[in-house]
Every structure is written in C-alpha cells, then in structure tokens.
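Subject: A structure for you to look through

Dear colleague,

Please find below the structure I said I would pass on to you. Could you open it beside this message and follow along as you read?

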Amino acid sequence: RLCACCFATRPRLHCCAAACVTELGRCLAAVELDYLLGRGQGWDSVQAWQETLSGGEKQRLAMARLLFHKPAYAILDECTSAVGVMSRECIFIGCA
C-alpha cells in the first residue's frame with residue numbers, strides 16, 4: 001500500500017506527519033486534484049486508480065508528486081498532453 005504522504009511503499013503510520021499531509025493536499029490543489037480526497041475514504045481510499053483516473057488525472061497526479069518532492073531538476077516529456085489548457089496553466093504556475 002502506498003503512503004499518501006511520500007508515495008513510498010511503507011506503512012503510513014511510520015512516515016506521515018500532519019505537515020506532510022498538509023503539503024500533499026496543497027500539491028493536489030495546485031494541480032486541481034483535491035477533489036480526489038472526496039472519492040472514497042480520503043487519504044485511506046483504496047481503488048484501482050489505473051482504471052479510475054482519466055489520462056489527464058494521471059498526468060496531474062504525476063505533477064503533484066513532482067511538486068511534493070521538489071527535485072532540483074525534472075525532465076518532462078509530454079507531461080500535460082492529456083490535460084486541458086486551463087489545467088495546464090495552473091500546473092505550470094504551481095511549478096514556478
């Protein structure tokens with residue numbers, strides 16, 4: 001099971017601090033995916049996400065992970081090809 005905080009496969013109990021969950025919520029909001037928390041049981045929701053999320057949602061989730069981890073560099077290829085124009089603008093503003 002993936003930890004909602006750091007996306008690692010370790011028990012959530014051991015790595016999720018309130019600050020990390022807050023930051024992850026900010027990252028989801030920056031890419032307009034905060035509504036996903038309303039699907040199911042919030043951070044503890046278990047679903048077949050590959051089947052549940054659209055192509056654009058998958059791309060935005062990948063960008064949320066990028067925002068959360070804050071790498072010094074990121075090489076992105078077609079990272080928003082399935083995302084609408086308005087959402088694309090919000091994503092890149094969040095990356096700035």
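**Helix α4 and what surrounds it**

Helix α4 is made up of 15 residues and reaches 22 Å from its first C-alpha to its last, which is close to the 21 Å expected at 1.5 Å a residue; the expected span is 1.5 Å times one less than the number of residues in the helix. Before going further, please keep in mind that this is a predicted model, in which local features need pLDDT of at least 70 and side-chain atom pairs count only at pLDDT 80 or more, while totals for chains, interfaces and linings use all residues. Residues are numbered from 1 along each chain as its sequence is written, and side-chain values use heavy atoms, with hydrogens and water left out.

The protein has 5 helices and 0 strands, where helices (H or I, at least four residues) and strands (E, at least two) are DSSP runs numbered from the N terminus. Of its 96 residues, 32% are buried; buried means under 20% relative accessible area, exposed means over 50%, and partly exposed is in between, with a 1.4 Å probe and protein chains only.

Returning to α4, the helix covers residues 55–69, and its buried residues are G56, E57, Q59, R60, M63, A64, L67 and F68. L66, which also lies in α4, counts as partly exposed because its relative accessibility is 21%. The C-alpha atom of L66 is separated by 8.8 Å from that of C27, although the two residues are 39 apart along the chain.

**The nonpolar core**

A nonpolar core is a set of buried Ala, Val, Leu, Ile, Met, Phe, Trp, Tyr and Cys residues joined through side-chain atoms within 4.5 Å. The largest one here has 13 residues, of which C27, V31, L33, A64 and L67 touch the most other members. Helices α2 and α4 each supply at least two residues of this core. If residues up to four places away in sequence are not counted, A64 touches C27, L28 and V31, contact meaning heavy atoms within 4.5 Å.

Which residues does E23 contact, once its neighbours within four places in sequence are left aside? They are F68 and K70, while E23 itself sits in helix α2, which covers residues 18–30.

Side chains of opposite charge can pair when their charged atoms come close. Counting a salt bridge as a side-chain nitrogen of Lys or Arg within 4 Å of a carboxyl oxygen of Asp or Glu, the protein has 2 salt bridges. In one of them the side chains of R26 and E23 meet at 2.7 Å, N to O, and because these residues are 3 apart in helix α2, they are separated by about one helical turn. R26 counts as partly exposed, since its relative accessibility is 40%.

E23 also forms a salt bridge with K70, in which the closest N and O atoms are 3.4 Å apart. This pair links distant parts of the chain, as E23 is in helix α2 and K70 is in the loop between α4 and α5 (85–95), 47 residues apart. Salt bridges that share partners join E23, R26 and K70 into one network. K70 is exposed, because its relative accessible area is 55%; K70 also follows α4 and has a positive phi, near 50°.

With best wishes
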